[in-house]
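Student: I would like to learn how to read a pocket and a strand. Can we take them in turn?
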Amino acid sequence: MAIYINKQTRVLVQGITGKQGSFHSGQMLEYGTGIVGGVSPGKGGQSVEGVPVFDTVFEAMEQQPAEASILFIPAPFARDAALEALDAGIKLLVLIPEHIPLHDAMDIMAYAKTKGAVVVGPNTFGLVSSGQSKIGIMPNKYFIPGPVGVVSRSGTLCYEIVGHLTASQTGTTTVVGLGGDRVVGLHFIDVLKQFEADPETKAIVLVGEIGGSAEEEAAEFIAREIKKPVIAYLAGKSAPPGKRMGHAGAIIERGKGTFDGKVKALTAAGVKVAALPAEIVQLIKEKI
Amino acid sequence: MKLYEYLGKELFKEYGIPVPRGQVVVSAKEAAEAAAGLGDVVIKSQVLSGKRGKAGGISFASNPEQAHEEAGRILQMKLNDLVVEKLLVEEKLQIEQELYLALTVDGSAKRPIVLASLDGGMDIEEVPEERMIKWPIDISIGMQDYTVREICRRLGVSGQLQKEFLSFMPKLYQLFRDLDAELAEINPLAVTPQGLVAADAKVTIDDDALYRHPTLPKIKEKTALELRAEELDLAYVELDGNIAIMANGAGITMATLDMVQHYGGQPANFLDFGGGADVERTSQALELLLGTNPKVLLINIFGGITRCDVVAEAFVKVRDSKGFDLPVSFRLVGTNETEGKAILEKAGIRVFSTMDDAVRRAVESARAS
């Protein structure tokens, strides 16, 4: 099982001829991802890592129909590329770039909704159904199949935590990066719902951070709807208010989105919150 | 990027949003001249800080002499550590009622959201939840008349005031969209005999969209080091401790700071030098940190896009050219880990493979020195 993507998922890479696009296409292919085509305007007819390149997403969809697309496009051009993918019928869109303007992100999300499509990111590492398919930029070797579902707002911190799990021979079903921006497509609740319904996922790890209200909303949802054990780690305990800690969302503003508030909400929902990333392993082992 | 009140009001004017008559001045003399044509005036310090009134940065005058005196006083002040360089001298409004109105981005709804309240003038946090109307806008259709009518119904506003809102709100929404604003806030929104007037303007522009607004002035509200980091496109925040930290990724950088504190140490900064950093970028990040004279340097790399060998090579290069000898706690795993470790070990630097070990070592070193 796993959620959102699997071995059968057919994937396009937008911006495949660029440095990041070509490198990560290679990495994804190595992992087993079903990349069927790439898109780079003006580069149609070329091939990258054996993948045919098309000028437009519509052309790619005529020749090599796909359900998913991943974007390696500079932020100023990401809106256009994302709308193109959605218009052409892509149902799962992974937005890797950071620094996409906020209003562009809102436009993309509104259009995705009318198309019934799922958007992951922006500013995400993507998602991976371990051992099956990876649509993202995470290092391949840490993502081995197993019973834990992971959902995270941040990238490298998520690798750190999955790295601990992998080192103790605990694999993952699917790992989803929500993205660090203020407006992102998938929220904790969307992914938690999928994990709850996935028979292979036995426990869930939630990696959050200060700022916004996503963790509080997740806590409320967990208390109401999630029967599976949930373990959390939250970053930003030491962050001073009013300072934006890298991610657009990671800022304590007007006393909202504090570390303590989030821990309290999650704990009240029955979620164990680990004090250090390494503790996740022990907490998971107690649950499965 | 936060805009000064006077800049916000200039933009409001361009969009047909009524603002008080007024003038920006830089001296007491200019303030007196401006006041001469305006009658009773309010003199407002132009700094990027809230609660200017409480701090004494807003004053009133009923003649040019008084304006001269008050302006002179405010220009000497420091408001929350910010130097007052400019003043806005404006006509004093005849205010019948003070309202609150703002447009911002709601991350949960992924949409713009209107915040409106009849309890303007005061601190927004002090407005009770039930007195603040929150109404998300469907971005695909924007602000329609029915939206405004619905917000008015919820506010309990009708008649002439509703008519005013129907003209006012679409203009504010247009500005919000056109300028890639994160926030366009008016507090207070004054009800006057002449209609609605924006007595204040707080506009914040999305930093990621500044490239498409080249005519907006660059406004700096950061320390010199933070500005330098911005030039280098590094996410950097200055803190008070003595352990300089760099890591790759916002989440893991925060987690590193948290762990330093967990083990009793004090982080000197937050520095996320991002993914895929090359030798040059890594060197720049290191040089920036060394400029802060920390006691210990803690580097936490989990390479995904970032290659361990590149970071290691850059580190050795900077160390050799700078010749610094402060204790370094280096954690290095991920893409090209073996190559990276080899480079560091050859240069005599001990490499940790867990974050825990590296952080504990850094905290110990900071204590010892």
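Tutor: Start with residue classes. Ala, Val, Leu, Ile, Met, Phe, Trp, Tyr, Cys and Pro count as nonpolar, Asp, Glu, Lys and Arg as charged, and the others, Gly among them, as polar. This is a predicted model: local features need pLDDT of at least 70, side-chain atom pairs count only at pLDDT 80 or more, and totals for chains, interfaces and linings use all residues. Residues are numbered from 1 along each chain as its sequence is written, and chains are lettered from A in the order in which they are written.

Student: How do the residues of the lining of the second largest pocket divide?

Tutor: A pocket is an open set of points on a 1 Å grid over the protein atoms alone, where a 1.4 Å probe fits, with protein on both sides within 12 Å along at least five of seven lines; lining residues have an atom within 4 Å of a point. Here the lining holds 10 nonpolar, 5 polar and 6 charged residues. Among the 21 lining residues, A:Met109, A:Ala112, A:Lys113, A:Gly185 and B:Lys110 lie nearest the centre.

Student: Which element gives the most to that lining?

Tutor: Helices (H or I, at least four residues) and strands (E, at least two) are DSSP runs, numbered from the N terminus. α4(A) gives the most, with 5 residues.

Student: Where does B:Lys110 sit in the hairpin?

Tutor: Two strands pair if DSSP finds at least two bridges between them. β7(B) and β8(B) pair antiparallel over 7 bridges. Their hairpin has 4 residues between the strands, and in it B:Lys110 takes a positive phi near 60 degrees. B:Thr104 has B:Ile113 in β8(B) as its bridge partner.

How values were computed. Side-chain values use heavy atoms; hydrogens and water are left out.
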